[in-house]
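Thanks for coming, everyone. Let me put the structure up, and then we will walk through it piece by piece.

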Amino acid sequence: MNTQNMPAAPRRRWSGTVMALLLAALVVASFASLPLHFAAFFTADAVASVAEFLGGFAPPETGAGFLRKTAVATAETLAMSAVGTLLAVAAGLLLAIPAAGRFGRAPRGIVRAVLNVLRSIPELVWASVLLIAAGLGPFPGALALGAHTAGVLGRLFADALENATPLPEQSLRTNGAAPMAAFFYATLPQTLPQMLSYTLYRWENNIRAAAILGVVGAGGLGQMLKYHLSLFQMQKAATVILAMLLLVALVDAASFWLRRSLTK
């Protein structure tokens with residue numbers, strides 16, 4: 001092969017190498033600065049303590065009354081995650097349109113800053129604040145999930161809209177369609193499968209988050225787990241943990257099946 005007609009090799013940029021070296025130095029500094037005592041996990045006392053603690057969970061509580069109570073809490077956790085995700089989808093889509101630059105650069109920057117704030121605050125912090133305002137129960141938990149997830153989905157939806165092919169919308173606008181009508185008929189259908197995939201993935205995460213939010217008083221399985229652990233009722237806590245694992249597994253399987261059906 002004649003190499004004389006080959007184009008010149010592109011100039012190597014050193015910024016990537018410098019960034020990789022800085023990240024490596026940060027990782028090394030993190031391990032060096034933290035008092036990590038890995039050997040303490042493998043001592044005889046530690047192994048005996050863990051074995052005794054785990055032994056208290058067996059066998060799980062299987063009484064009919066407690067199983068009914070656990071089923072109600074499972075349904076509450078599932079409903080909390082679903083409502084929070086739906087609220088986040090509605091808010092995220094409304095915020096994604098200006099965040100994608102549909103109304104100019106200034107609204108884009110302002111809305112993206114709002115999205116950064118929403119997703120930077122963890123669900124537990126949102127729940128702690130909203131529990132003071134709305135009281136105990138699943139309602140503030142659903143609002144906390146919606147607030148945090150709206151920031152995540154709003155950013156993902158905005159990026160998807162910005163990366164969509166502009167030609168279909170431009171064709172409609174050239175033929176006299178209104179800007180928003182062209183958006184809803186051309187750009188939004190392109191990104192809808194991707195948005196649905198993002199939504200299902202965040203719903204999986206919200207199932208886990210909803211179970212954790214119960215620890216701060218948002219109801220559901222998390223509240224049951226905190227209650228029984230605080231009373232050292234390990235067998236009942238084991239049943240609640242198994243219900244959490246089963247719920248997450250079922251939602252993961254359903255979400256995976258829906259994502260595959262959407263991408264076919």
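How many residues apart in helix α6 are Arg155 and Asp159, and what separation along the helix is that? They are four residues apart, so about one helical turn separates them. Before going on, a reminder: this is a predicted model.

Stay with that pair. Arg155 and Asp159 form a salt bridge. Their closest N and O atoms are 3.2 Å apart. Arg155 has a relative accessible area of 31%, so it is partly exposed. Asp159 is at 25%, so it also counts as partly exposed. Why pair at all? Side chains of opposite charge can pair when their charged atoms come close.

Now widen the view. Arg155 and Asp159 belong to a network of salt bridges, which also links Arg108, Arg112 and Glu162. One link in it joins Glu162 and Arg108, at 2.9 Å from N to O. That pair connects distant parts of the chain. Glu162 sits in helix α6, while Arg108 is in helix α4, residues 105-120. They are 54 residues apart. Glu162 is partly exposed, because its relative accessible area is 34%. Arg108, at 30%, is partly exposed as well.

How many salt bridges does the count come to? Five. Another of them joins Glu123 and Arg202, with an N to O distance of 4.0 Å. Glu123 lies in helix α5, residues 123-134, and Arg202 in helix α8, residues 179-213. So this pair ties together parts that are 79 residues apart in sequence. Are these two buried or exposed? Both Glu123 and Arg202 are buried.

Next, helix packing. Helix α6 covers residues 138-162, and helix α3 covers residues 64-99. The two pack at an angle of about 40 degrees. Their axes are 5 Å apart. Which hand does the crossing of α3 and α6 have? It is right-handed. As for what makes up the contact of α3 with α6, there are 19 nonpolar residues, seven polar and two charged.

On to a buried residue. Leu221 is in helix α9, residues 220-230. Its relative accessibility is 0%, so it counts as buried; the cut-off is under 20%. Leu221 and Lys69 are 152 residues apart along the chain. Yet their C-alpha atoms are separated by 9.7 Å.

Last stop, the surface. Which residues make the nonpolar patch of about 820 Å²? They are Val27, Phe31, Leu34, Leu36, Phe38, Phe41 and Phe42. Take Phe31 from that list. Phe31 is placed in helix α1, residues 15-33. Phe31 counts as exposed, because its relative accessibility is 54% and the cut-off is over 50%.

Definitions and conventions. Residues are numbered from 1 along each chain as its sequence is written. This is a predicted model: local features need pLDDT of at least 70, side-chain atom pairs count only at pLDDT 80 or more; totals for chains, interfaces and linings use all residues. Side-chain values use heavy atoms; hydrogens and water are left out. Patches are made of residues with over 30% relative accessible area and no salt bridge: like charges are joined within 9 Å, nonpolar side chains (Val, Leu, Ile, Met, Phe, Trp, Tyr) within 5 Å. Accessible areas come from the Shrake-Rupley method with a 1.4 Å probe; for residues, only the protein chains shown count as cover. A salt bridge is a side-chain nitrogen of Lys or Arg within 4 Å of a carboxyl oxygen of Asp or Glu. Buried means under 20% relative accessible area, exposed over 50%, partly exposed in between (1.4 Å probe, protein chains only). Axes are lines fitted to C-alpha atoms, for helices over the stretch in contact, and angles run from 0 to 180 degrees between N-to-C directions. A crossing is left-handed if the near helix is turned anticlockwise from the far one by less than a right angle, and right-handed if clockwise. Ala, Val, Leu, Ile, Met, Phe, Trp, Tyr, Cys and Pro count as nonpolar, Asp, Glu, Lys and Arg as charged, and the others, Gly among them, as polar.
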